[in-house]
Amino acid sequence: MPTYIGLVNWTDQGIRNVKESPKRVDAAKALAAKVGGKLDVWFTMGKWDFVGFADAPSDEAYMQIALAIGAQGNARTTSLKAWSVEEGAKVIAKL
């Protein structure tokens with residue numbers, strides 16, 4: 001299953017309602033499960049306010065999760081598709 005990393009920052013609305021963020025994380029996890037995936041969220045310090053690690057069955061499924069999070073207006077996301085070292089080694093071996 002493909003892996004995705006979401007680098008996320010609060011919007012003005014999101015930080016004003018930061019106390020609601022645990023409930024929003026639970027809702028995002030439920031959505032990920034609904035589309036056949038899994039989401040793990042970590043609050044962070046530095047350039048990003050939190051980071052999500054998602055496994056989703058397809059790019060389209062991950063896009064649903066990311067768009068649903070963004071549509072709430074609480075966060076802005078930057079998404080990365082990730083490959084494990086083992087998966088990357090298979091691609092590199094084809095060079």
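The legends below describe close-up views of a predicted model. Local features need pLDDT of at least 70 and side-chain atom pairs count only at pLDDT 80 or more, while totals for chains, interfaces and linings use all residues. Residues are numbered from 1 along each chain as its sequence is written, and side-chain values use heavy atoms, with hydrogens and water left out.

**View 1. The largest nonpolar core has 17 residues.** A nonpolar core is a set of buried Ala, Val, Leu, Ile, Met, Phe, Trp, Tyr and Cys residues joined through side-chain atoms within 4.5 Å. Leu39, Val41, Phe50, Ala56 and Tyr62 touch the most other members. At least two residues each come from β1 (3-10), α2 (21-34), β2 (38-43), β3 (50-55) and α3 (59-71); helices (H or I, at least four residues) and strands (E, at least two) are DSSP runs, numbered from the N terminus. The largest share, 4 residues, belongs to α3.

**View 2. Surroundings of Leu39.** Leaving aside residues up to four places away in sequence, Leu39 touches Ala28, Lys29, Ala32, Gly52, Phe53 and Ala54. Contact means heavy atoms within 4.5 Å.

View 3. Ala61, Tyr62, Ile65 and Ala66 are the buried residues of α3. They lie on the same side of α3 because they cover an arc of only 135 degrees around the axis, taken from the directions from the helix axis to the C-beta atoms. Buried means under 20% relative accessible area, exposed over 50%, and partly exposed in between (1.4 Å probe, protein chains only). The buried residues of α3 pack against β1, α2, β3 and β4 (75-82).
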